[in-house]
Amino acid sequence: MKKLYRFRRTGLIGSPFKILILNIIAWIIGILWITPFIGIFMTSIRPFREVVLYGWWSLSPFTFTLKNYIDALFNPMFSLGRGLLNSFIIAIPSTLIPITIAALTAYGFARFSLPIKKYLFATILFLMAVPQQMTIIPIFFLLKDLHLLNTYLGLILVHSSWGIPWITFFLRNYFSLLPAELEEAARVDGASDFQVFRIVVLPLAIPGLISAAVLQFAWVWNDFFFALMLIFDPNKMVVTQMLPRLKGQYQVDWGLLSSGSIIAMLAPLLIYGFFNKYYMRGFRGWAMKR
Amino acid sequence: MAKGVRIENIWKIFPPKVVALKNINVEIKPGEFFVILGPSGSGKTTLLRIIAGLEVPTRGRVSIGDKVVVDADKGMFIEPRDRNIGMVFQNWALYPHMSAYDNIAFPLKLKKLPKEEINKRVKEVAEALGIADLLNRKPGHMSGGQQQRVAVARALVKQPDVLLLDEPFSNLDARIRVTAREFVKEIQKKLGITTILVTHDQADAFAVGDRVMVLRNGEVQQMGIPEELYDQPVNVFIANFIGDPPMNIFKLPTTHELLKKIGVDDEIINKHKEVYIGIRPDEAIALEPKEEGHLKGTVIIIEYVGSRKYAKIDLGNGLSIRALLECRADNGDTVSIRLVKVHVFSETGERITTIRF
């Protein structure tokens, strides 16, 4: 396992010239990616007047202020804090539920034989291509009939079922890369199918599970569309719904809006940072054949 | 306690039509060390996996002791976990997230034995295999030989009826391999446990096996004690496959003068158009030219193999033979070759006779 990885690495790195080119490309992408973020950040920590007059990129004059953040968090009309709390209430179960269900489904697809397995899997992949907008009307009526409109549970269920297919797909590939011999050894050692899954497969798949969880959490956190359609009580609104309300009625208060965006961004960012090691391992494991 | 294994009419066909095993019948005695030997693709691992229950045969029956564990014709199948077998996989398949102790304890934990009992048995088996000081380590921090011992310990700790070993030595380097073989053989004899080992390496097979079965393309070629396979190969394949350095095999028309020199019966010569002649390098001795011998030739190459010397000798007519060199000779010298034993095979490869001198 280790050997293979090392081999791949030397293949990638090769000559100094190649390193230079790769570095240049990486830096260009990195700068393009981070510039808007820097813009928002600069806007959020300066008085609005300064940004409008000189642009966020000019450094003189530069006045540092946290006023935007304080205003955004403690806005008497639209509480961003409440929005953050609601987002956590939605995002945490909407991550754990689909991961649990999809892990079981994915293991089934990866290791067990079923007469129509191929077609079933193809159907899942096919239906993943259906856009949200196409499903929202039936989902809306379904939740209405279940009396789950405008409830946390309703949105959690929708996000969970939206997450299950892609996580299944992701984890199936991850599981099928795990060495089958370990599972066979466990079966010979006396484990039942479920014990094999719980004691041997799951611990080995932790990087994959974390990768999937981080992506799903970020997706649910960043979702605006489902929340917009299914939650209308201001007390239950998630942070992405609160943000546009910070815009103001007659003029756009960019300072307030950008500080709100930074606050909303913080949770997924921290999660990426915290699980970065596993997250990368999950994808590396994905990219290489073992 | 040790139980025998009976394999009856086992067929394995992988759809659409790869026939991995053709009608295998073996009776493995309790306490026997049985080796399944064959080149890659011969179906040997498939057979082991069928015994373990990791693969289901297309036809046939396997019993361990008196208990039938799989009967394809009756659609009966017992899960691997209920067969009470221990298995060591080719790459040892240790659980990488568990310490050596947890790896070995795993089968006992699944049986829900009490903690003290588990502890006692793990310590016992670790002691016996000389890995007691490794128990806290994870597999990633062990050498190949140590990992193998842990894998064997895990297989033995639940006191299985049968121990299955799938190429257990192939991931070890040459030096450790010899000690590993001895160690496995010793443990097996000490515990008296019925053991089935699969290998592609004849040295492994002969080092440990009480009895060896040779498979080729899913068919049993020959089964017997190692000496039998070496001395009385039933066909050209076995003759060629077994023995190191490999046997000299010549495909000759029966009119060839070599046949008269080594005294093949007229009956055989009249009956066949072509035959294979097989002579082991160790059973063809190259001597000084003045000594009496069956053949004469010129030395082309001399090879040193440990304490012995083998010479490749040109016999004329485009034939050359590898023989044990027991005289002083250099390249280009003439030697006389005394034969000890010659095997004669028919054109289809079956053995007709063995001539001893």
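How far apart do the C-alpha centres of domain 1 of chain A and domain 2 of chain A lie? They lie 28 Å apart. The legends below describe a predicted model, in which local features need pLDDT of at least 70, side-chain atom pairs count only at pLDDT 80 or more, and totals for chains, interfaces and linings use all residues. Residues are numbered from 1 along each chain as its sequence is written, chains are lettered from A and ligands numbered from 1 in the order in which they are written, and side-chain values use heavy atoms, with hydrogens and water left out.

**View 1. The two domains of chain A.** The domain assignment, of automatic or database origin, divides chain A into domain 1 (2–65) and domain 2 (71–287). Across the boundary, 8 residues of domain 1 of chain A are in contact with 12 residues of domain 2 of chain A; contact means heavy atoms within 4.5 Å. Chain A has 14 helices and 0 strands, where helices (H or I, at least four residues) and strands (E, at least two) are DSSP runs numbered from the N terminus. Its C-alpha atoms fill a box of roughly 70 × 65 × 30 Å along the principal axes. Of the 290 residues of chain A, 39% are buried; buried means under 20% relative accessible area, exposed over 50%, and partly exposed in between (1.4 Å probe, protein chains only). Carbon and sulfur atoms hold 73% of the accessible surface of chain A, which comes to about 16900 Å² (Shrake-Rupley method, 1.4 Å probe; for residues, only the protein chains shown count as cover).

View 2. Strand 9 (residues 194–199) of chain B is largely enclosed by the rest of the structure, because 6 of its 6 residues are buried. In a regular strand the side chains alternate between the two faces of the sheet. Here Thr194(B), Ile196(B) and Val198(B) point one way, and Thr195(B), Leu197(B) and Thr199(B) the other. Strand 3 (residues 33–37) of chain B runs parallel to strand 9 of chain B and is joined to it by 5 bridges; strands pair if DSSP finds at least two bridges between them. Phe33(B) is opposite Thr195(B). Strand 8 (residues 162–166) of chain B also pairs with strand 9 of chain B in the parallel sense, over 5 bridges, and Asp166(B) has Val198(B) as its bridge partner. Between strand 8 and strand 9 of chain B the chain passes through helix 5 (residues 174–191) of chain B, in a right-handed β-α-β crossover. Right-handed means that, with the strands pointing away from the viewer, the path from the first strand over the helix to the second runs clockwise.

**View 3. Ser40(B) in a loop.** Ser40(B) lies in the loop between strand 3 and helix 1 (44–52) of chain B. Ser40(B) is exposed, with a relative accessible area of 70%. Its C-alpha atom is separated by 19 Å from that of Ala52(B), 12 residues away along the chain.

**View 4. The largest nonpolar core.** A nonpolar core is a set of buried Ala, Val, Leu, Ile, Met, Phe, Trp, Tyr and Cys residues joined through side-chain atoms within 4.5 Å. The largest has 59 residues, and those touching the most other members include Phe175(A), Ile7(B), Leu47(B) and Ile196(B). Helix 5 (residues 80–111) of chain A gives the largest share of this core, 6 residues.

**View 5. Strand 18 of chain B.** Strand 14 (residues 284–287) of chain B and strand 18 (residues 334–339) of chain B run antiparallel, joined by 4 bridges. Ala286(B) stands opposite Ile337(B).
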